[in-house]
Amino acid sequence: MQPLFIDLTNKRIVIAGGGRIAFRKAKTLDGENAHITFVAPDFSDELLHLAHQRGYKLIQREASPDDFKNAFLSILATNEREANHALAKSLNSGQLVCVVDEAGEGNVIFPAAVRRGPLQIAVTSNGASPKLTRMLKKQLEEQYDESWTGYSEFLGKCRDYIKQISIPPSEKNELLAELLDDRYRLSEDERERKWTYLQSLA
């Protein structure tokens, strides 16, 4: 499988299922500004709360293939293996489909992800060992602590600014390389001094 990062803004996502796993997938997607629809005979209290809070659509009945015709991403997360299997077989092979209890029946796997501002690190074992994936995620969370949040946001702001400065490309590359010095991650004061310096170059 090829790892990809996909912008889900305003994309239609349909989730078959109303229980714990469907809720967990929706929580992973929460904040992506997607249009999420749940289809299930029953919904858990936590899922109902999330849907009402975020304005997600609820359709209370068994999911059918027609529910996924216009979906950008389909997530099959019912509590019944046969239902997930039947829906997976019925969907178009060109659609993005995640089958939560049998990854091989779909073409999308949700990785374990660590987010620190714009920095995202994702890892998966492609279903070979979920325990390994969880262990690696924990290690990454410790290695890339919260100091990386402000630092990665700082890097993005500086890059955008440096691109606009009227200096030779070689000097721009030198400035960008210098920002990788760890002192800018560890010290907000250093970041502020560097930002002031960059502004003086304009």
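Let's start at one spot: Ala113 stands opposite Ala122 in strand S7. Keep in mind that this is a predicted model. From that spot we can move on to the hairpin around it, the pockets, the charged pairs and the aromatic rings.

**The hairpin**
- Strand S6 covers residues 112–116, and strand S7 covers 119–123.
- These two strands, S6 and S7, run antiparallel to each other and pair over five bridges.
- Together S6 and S7 make a hairpin, with two residues between them.
- Look for Gly117 in the turn, where phi is positive, at about 65°.
- As you follow a strand with your eye, a handy rule is that in a regular strand the side chains alternate between the two faces of the sheet.

**The largest pocket**
- The largest pocket has a volume of about 1,700 Å³.
- Its lining is made up of 41 residues.
- Nearest the centre of this pocket you will find Lys25, Ile109, Phe110, Pro111 and Ala112.
- Sorted by class, the lining of the largest pocket holds 24 nonpolar, nine polar and eight charged residues.

**The second largest pocket**
- The second largest pocket has a volume of about 210 Å³.
- It is lined by 14 residues, and those closest to its centre are Gly18, Ala40, Pro41, Thr78 and Asn79.
- By class, this second lining has five nonpolar, five polar and four charged residues.

**Salt bridges**
- How many salt bridges does the structure hold? There are 13.
- One of them joins Arg81 and Glu105, whose closest N and O atoms are 3.0 Å apart.
- This pair links distant parts of the chain, 24 residues apart: Arg81 belongs to helix H3 (residues 81–90), while Glu105 lies in the loop between S5 and S6.

**Aromatic rings**
- The structure holds five aromatic pairs.
- Among them is the pair of Tyr144 and Trp148, with 4.9 Å from centre to centre and 65° between the planes.
- Is that pair stacked or edge-to-face? With planes over 60 degrees apart counting as edge-to-face, the pair of Tyr144 and Trp148 is edge-to-face.
- Ring pairs also bring in Tyr151, linking Tyr144, Trp148 and Tyr151 into a cluster.

**Charges over rings**
- The charged end of Lys11 sits over the ring of Phe72, at 5.4 Å from the ring centre.
- Lys157 has its charged end over the ring of Trp195, 4.3 Å from the centre of that ring.

Key:
Residues are numbered from 1 along each chain as its sequence is written. This is a predicted model: local features need pLDDT of at least 70, side-chain atom pairs count only at pLDDT 80 or more; totals for chains, interfaces and linings use all residues. Side-chain values use heavy atoms; hydrogens and water are left out. Rings of Phe, Tyr and Trp (its six-membered ring) pair if their centres lie within 6.5 Å; planes under 30 degrees apart count as stacked, over 60 as edge-to-face and the rest as tilted. A charge sits over a ring if NZ of Lys or CZ of Arg is within 6 Å of the ring centre and within 35 degrees of the ring normal. On a 1 Å grid over the protein atoms alone, a cavity is a set of points where a 1.4 Å probe fits but cannot get out, and a pocket is an open set with protein on both sides within 12 Å along at least five of seven lines; lining residues have an atom within 4 Å of a point. Grid points are joined across faces, edges and corners, and a volume is the space filled by probe spheres set on the points. Helices (H or I, at least four residues) and strands (E, at least two) are DSSP runs, numbered from the N terminus. Ala, Val, Leu, Ile, Met, Phe, Trp, Tyr, Cys and Pro count as nonpolar, Asp, Glu, Lys and Arg as charged, and the others, Gly among them, as polar. Two strands pair if DSSP finds at least two bridges between them. A salt bridge is a side-chain nitrogen of Lys or Arg within 4 Å of a carboxyl oxygen of Asp or Glu.
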